[in-house]
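I opened my notebook today to look up a few spots in this structure, one at a time. Here is what I wrote down.

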Amino acid sequence: MPAQPRLIYLTTREPKRHFEDIVQVRGAGWTQKLIAYVERTPVAQSQRWSGFEGFVAFWETYQDLCLDLLGRMTIPVSRQPAKFGAPEDLREAALSHFVIST
């Protein structure tokens, strides 16, 4: 039987709020590590994105790119809201998308 790839993409309508919530749980060390990573990327440097606001701008741009690419996919794609701390909702969506009965 040939492979039947499928994709689940986690998206958020409010990236800034989403990351603010995650920062509260993950802490300053985790946040600074990710901000430093983003600040070193060529796109962040060319756009002069820095700090938390630059981090959010990076992920908003990245999400827009991903959503554009998802619209061109020829495999089934399920877009699910990224809900920090709600894995049971995602589990049900994934099982349904992959047609796995429990």
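Entry 1, a strand pair. I started with Leu 10 and found that it stands opposite Gln 80 in β2. I kept in mind that this is a predicted model. Next I looked up how strand β1 (residues 7-11) and β2 are joined: five bridges link them, and the two run parallel.

Which residues of strand β2 are on the covered face, and which on the uncovered one? I found Ser 78 and Gln 80 on the covered face, while Val 77, Arg 79 and Pro 81 make up the uncovered one.

I moved on to helix α1 (residues 15-26) and helix α4 (residues 51-70), whose axes come within 9 Å and cross at roughly 125°. Because of that angle, α1 is oblique to α4. I also noted that the crossing of α1 and α4 is right-handed.

Then I listed who makes the contact. From α1 come Pro 15, Lys 16, Phe 19, Glu 20 and Val 23. From α4 come Phe 52, Glu 53, Phe 55, Val 56, Trp 59, Glu 60 and Gln 63. Sorted by kind, the residues of this contact are seven nonpolar, one polar and four charged.

Is Trp 59 buried, partly exposed or exposed? Its relative accessibility is 27%, so Trp 59 counts as partly exposed. Setting aside neighbours within four places in sequence, I found Trp 59 in contact with Phe 19 and Val 38. Last, I checked Trp 59 against Glu 14: they are 45 residues apart in sequence and 11 Å apart in space, C-alpha to C-alpha.

Definitions and conventions. Residues are numbered from 1 along each chain as its sequence is written. This is a predicted model: local features need pLDDT of at least 70, side-chain atom pairs count only at pLDDT 80 or more; totals for chains, interfaces and linings use all residues. Side-chain values use heavy atoms; hydrogens and water are left out. Axes are lines fitted to C-alpha atoms, for helices over the stretch in contact, and angles run from 0 to 180 degrees between N-to-C directions. Helices (H or I, at least four residues) and strands (E, at least two) are DSSP runs, numbered from the N terminus. Angles under 35 degrees count as roughly parallel, over 145 as roughly antiparallel, 65 to 115 as roughly perpendicular and the rest as oblique. A crossing is left-handed if the near helix is turned anticlockwise from the far one by less than a right angle, and right-handed if clockwise. Contact means heavy atoms within 4.5 Å. Ala, Val, Leu, Ile, Met, Phe, Trp, Tyr, Cys and Pro count as nonpolar, Asp, Glu, Lys and Arg as charged, and the others, Gly among them, as polar. Buried means under 20% relative accessible area, exposed over 50%, partly exposed in between (1.4 Å probe, protein chains only). Two strands pair if DSSP finds at least two bridges between them.
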